[in-house]
Amino acid sequence: MSPLAFLAIALAALVLINAAATRRVLRSDEFSQRKALLVMGVWIVPFMGAFLAFHHLPAPAQAAARRQAAATPTTAAHATVAPTSIELAGSAPFDVLAHLHTVPGGFVQLDWQAVDEWATRPGAAEPVVTEAINQARRAWLLHLRDALGGRVQPHPHLHESEDVYILSALEPAVARATAQFVSKTRQRILKVLDGVAHFHAGEKSVVLVLDSEDTYYEYVAQFYPDAGEFAFSGGMFIHHGCPHFVVVQADLAAIEPVIAHELTHNALSYLRLPTWLDEGLAVNTEHRLAGAARGQQTPQAMHQRHQRFWTDERVQEFWTGDSFHRTDDGNQLYYDLARIAVAQMAAGDWAAFTRFVTTASRSDAGAAAARDALGVDLGEYIGTLVQADAPARWAPRPDAWHAAHPATTAASLSHRRAPVEWPAPLHQGSPSRV
């Protein structure tokens with residue numbers, strides 16, 4: 001056999017083996033990012049990449065059997081009955097039904113202030129309080145599951161893991177993979193935002209995956225004022241009552257950025273940050289952990305839009321967070337400016353940036369903290385980013401905010417982990433990395 005013929009046979013064999021390995025990877029239950037890495041390895045490393053893919057992934061028959069077993073409707077996730085009360089050692093039972101109420105759209109909510117008062121009884125140790133709140137959240141999700149079951153198909157189910165509750169109609173294998181991604185993302189957020197992010201020990205994250213955009217918007221409407229226009233979103237973190245984030249059902253690859261973004265809000269919620277800082281951190285962390293979507297415009301084009309849009313008056317909407325609720329270009333430009341500002345600040349002295357974030361106050365949009373920790377005047381800083389003519393006039397002006405909004409419409413609630421504020425929609429913005 002000639003060397004040329006041998007080479008042709010070897011190449012043909014390599015292509016066939018790599019094609020089979022790629023098919024096996026794509027049909028697996030792995031995360032989308034791990035699938036991409038495995039496929040790259042298959043085609044970059046001759047034969048060895050395919051061997052590793054076959055070695056690390058179960059055979060199609062085994063994978064199908066595993067998915068079938070996970071999908072059996074008699075699993076505990078499907079069979080669990082929503083509790084009517086919660087009983088914990090050392091405390092009086094909590095009557096779930098007495099504190100459960102139906103909200104517009106047919107959804108249900110618990111009286112979370114009553115839950116907090118029950119859980120944080122005098123003398124209760126922190127682990128006991130955390131377990132009480134976890135059980136209350138689980139009870140609510142099971143009742144919400146039943147409320148949703150009468151209006152959506154397939155019937156949603158509750159997936160439980162060590163640190164995550166997921167209520168969804170996702171296939172069990174996908175729900176498990178999503179829970180694993182949430183757990184890993186929590187740990188990665190703690191590393192990326194070292195000294196800033198915080199998750200309460202033992203407290204589970206709550207993820208609500210709804211079947212359609214219609215159901216999604218019906219659900220989140222309960223957290224918005226009755227009047228006004230509000231921006232579209234792909235997901236949001238709800239601070240009210242039970243902190244949780246809600247997304248529209250999609251394949252795991254589409255949900256991953258939403259999870260990374262909203263978990264970042266979750267990890268920062270204890271700080272009650274100025275909105276621009278909270279969103280800037282969330283967008284940059286999302287891009288760092290889940291990748292950034294390709295921007296529709298070049299950085300130069302976006303910069304020109306910023307220059308045309310922002311003025312020393314409009315920038316006050318940036319500081320208060322009002323731009324965040326705009327339904328025009330201001331919404332996208334708000335997120336982009338927050339992303340750029342935070343990325344630039346974080347690129348320097350991390351210890352100083354950490355001091356800034358952990359001391360920033362909403363009352364002045366973080367101006368005092370920026371001056372003390374970073375030696376930065378926020379007005380000049382933002383004005384310089386968009387090349388304003390008079391950046392010194394761009395400083396936050398709290399007196400003007402209070403004059404424009406003498407009374408707030410947001411109710412107050414004493415829940416130790418759930419300050420009331422309007423929810424934060426996810427921004428599908430331009431690419432960036434911290």
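Which residues of helix 6 are buried? In this predicted model, the buried residues of that helix are Trp112, Ala114, Val115, Asp116, Trp118 and Ala119. Because six of the eight residues of helix 6, which spans residues 112-119, are buried, the helix is largely enclosed by the rest of the structure. The cover over these buried residues includes strand 1 (85-86) and strand 2 (94-95), together with strand 4 (107-110) and helix 7 (126-149).

With a relative accessible area of 66%, Leu4 is exposed, since the term applies to residues over 50%. Together with Leu7 and Leu11, Leu4 forms a nonpolar patch on the surface, and the accessible area of the three residues together is about 320 Å².

Charged pairs were examined next. Side chains of opposite charge can pair when their charged atoms come close. Seven salt bridges are present in the structure, among them one between Glu160 and Arg138, in which the closest N and O atoms are 3.0 Å apart. Glu160 belongs to strand 5 (residues 157-160) and Arg138 to helix 7, so this pair ties together parts that are 22 residues apart in sequence. Glu160 is partly exposed, its relative accessible area being 36%, whereas Arg138, at 18% relative accessibility, counts as buried, because the limit for a buried residue is under 20%.

A further salt bridge joins the side chains of Arg145 and Asp146, with an N to O distance of 3.0 Å. In this pair, Arg145 counts as buried at 5% relative accessibility, while Asp146 is partly exposed, with a relative accessible area of 37%.

The side chains of Asp312 and Arg393 also meet in a salt bridge, at 2.5 Å from N to O. This pair links distant parts of the chain, 81 residues apart: Asp312 is located in the loop between helix 12 (299-309) and helix 13 (315-320), and Arg393 in the loop between helix 17 (378-385) and helix 18 (398-404). Asp312 is buried, with a relative accessible area of 15%, whereas Arg393 is exposed, with a relative accessible area of 53%.

Technical notes:
Residues numbered from 1 in each chain as written. Predicted model: local features only at pLDDT ≥ 70, side-chain atom pairs only at ≥ 80, totals over all residues. Heavy atoms only, no water. Buried < 20%, exposed > 50% of the residue type's maximum accessible area, 1.4 Å probe, protein only. Helix = DSSP H or I, 4+ residues; strand = E, 2+ residues; numbered from the N terminus. Contact = heavy atoms within 4.5 Å. Patch = residues over 30% accessible without salt bridge, like charges linked within 9 Å, V, L, I, M, F, W, Y side chains within 5 Å. Areas by Shrake-Rupley, 256 points an atom, 1.4 Å probe, with all protein chains shown as cover. Salt bridge = Lys/Arg side-chain N within 4 Å of Asp/Glu carboxyl O.
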